[in-house]
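Hello,

Here is the structure I promised to pass on to you. Please have a look at it first, and then read my notes below.

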Amino acid sequence: MKILILGAGQVGGTLAENLANEANDITVIDSDGARLRELQDRLDIRTVQGRASYPSVLRQAGAADADMLIAVTSSDETNMVACQIASIMFKTPTKISRVRAGAYLARNELFGENGFPIDVMISPEHLVTRHITRLIEYPGALQVLEFSKGLARLVAIRATEGGPLVGHELSYLRTHMPRIDTRVAAIFRKDRPIMPQGDTVIEDGDEVFFIAGTNHIRSVMSELQPLVKNYKRIFICGGGNIGQRLAQTLENRYQVKLLERDHERCVMLSENLRKTVVLEGNAANKDILLEESIENTDVFCAVTNDDEANIMASLLAKRLGARKVFTLINNPDYVDLIQGGDIDVAISPQQTTIGSLLTHVRRGDVVNVHSLRRGAAEAIEAIAHGDHRSSKVVGRRLDEISLPEGTTIGAIVRHNEVLIAHDHLRIQPDDHVILFLVDKSRVRDVEKLFQVGLTFF
């Protein structure tokens, strides 16, 4: 595919890296020449320096024959206008835009038939909020991913001594919980992937990815670590777009406090939030945290725009007794450094957003993509089409399908029923197949599996 990426920031750069590694024809537009040179030194891509919404710059970048335009600059207005120009002047088939401001997102008519011609809108704030909300709903999880409109979920969890399955073979799970069907898709031990077998022994500290029907998730989690009490008290540091949206999402189910340092922003938040306690002050101030009983807080979420402030506030909150700390980190180089120590979960907006973008780039009928382990692994939901003559998967038992190395099928969703993957299961047309790829470089091979041959037509 020929793809134009507008914006060479964290999201644009990460996306360019993902797509360039998959043999796409990528051109990145940005006004920052230094950032473009840095990308070009690392990746086999073309770059154009200039204002991303200018028709002449888009033409120079090859918009006339581009298959897709992805606008992820830091300016909503630039992104929206670029999609409009790409539609009017270049008839670009697919236009994806990042839109962050709630003032735009609240007006559906702006993006309807007579509005900006954007095919897919991505809101990082919405995606990050949803990601954090799931982590709060499932205490102890490192990542919770939804498939088939929430019918199935893939959960990453750290195996901890005291969990009934820790120290036992995976096959023990079926005898211990005969009525619950689940599949362990992958295990990462000291950052190295292990393809799970029935005789694989779960060790303390393993990062385990398992898939199950949503109603069975908590039961499986309780096998891998001692049961964690449900969270009640949430403390949010930072009242920006993410902080506000998170408080609005949580305040009807949890006791929420939100700390923001800007006075005018505090006034606005207190007027718009119904049950959240809005506090004015600096999270680096130990006295404020102690005054607000931080030691009784179940989850401390640092979601300001400043990575260093988030890290320092999280470390302070943890030291003062917060049970769990979630920290928003924009710089991907920091994520691996800090997660797993005093900071329980490092949240990367780039990785959360990339999955949504990749969903629309994948070949075959791919309806869901989730980026895992900072982009090294991937989970995909693909729909099987065709028949046994035209498809490499339809009509075949799972043990007859030649999967790329490092790939496992975790589950199949058929007519709103979750079927956990077992060798005897046969794929039928329109099945939603959920796959886990330990090695993301094999994604093209997986896509080919789900592409229909000519005999189908």
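**Salt bridges and a cavity**

E203 is partly exposed, at 39% relative accessibility (buried is under 20% relative accessible area, exposed over 50% and partly exposed in between, with a 1.4 Å probe and protein chains only). Please keep in mind that this is a predicted model, where local features need pLDDT of at least 70 and side-chain atom pairs count only at pLDDT 80 or more, while totals for chains, interfaces and linings use all residues. Residues are numbered from 1 along each chain as its sequence is written, and side-chain values use heavy atoms, leaving out hydrogens and water.

There are 23 salt bridges in the structure, each being a side-chain nitrogen of Lys or Arg within 4 Å of a carboxyl oxygen of Asp or Glu. One of them joins E203 to R189, at 3.4 Å from N to O. R189 sits in strand β9 (residues 182–189) and E203 in the loop between β10 (192–194) and β11 (207–213), so this bridge ties together parts 14 residues apart in sequence. (Helices, H or I of at least four residues, and strands, E of at least two, are DSSP runs numbered from the N terminus.)

Another salt bridge pairs K318 with D344, at 2.8 Å from N to O. It links distant parts of the chain, 26 residues apart: K318 is in helix α12 (residues 307–319), and D344 is in the loop between α13 (332–338) and β17 (345–347). K318 is partly exposed at 21%, whereas D344 is buried at 16%.

R319 also forms a salt bridge, with D342, where the closest N and O atoms are 3.9 Å apart. Here helix α12 is linked to the loop between α13 and β17 across 23 residues. R319 is exposed at 69%, while D342 is partly exposed at 38%.

(On a 1 Å grid over the protein atoms alone, a cavity is a set of points where a 1.4 Å probe fits but cannot get out; lining residues have an atom within 4 Å of a point.) Its lining consists of L154, A185, I211, A379, G410, I434, L435 and F436. Strand β22 (residues 432–437) gives the most to this lining, with three residues.

Best wishes

Technical notes. On a 1 Å grid over the protein atoms alone, a cavity is a set of points where a 1.4 Å probe fits but cannot get out, and a pocket is an open set with protein on both sides within 12 Å along at least five of seven lines; lining residues have an atom within 4 Å of a point.
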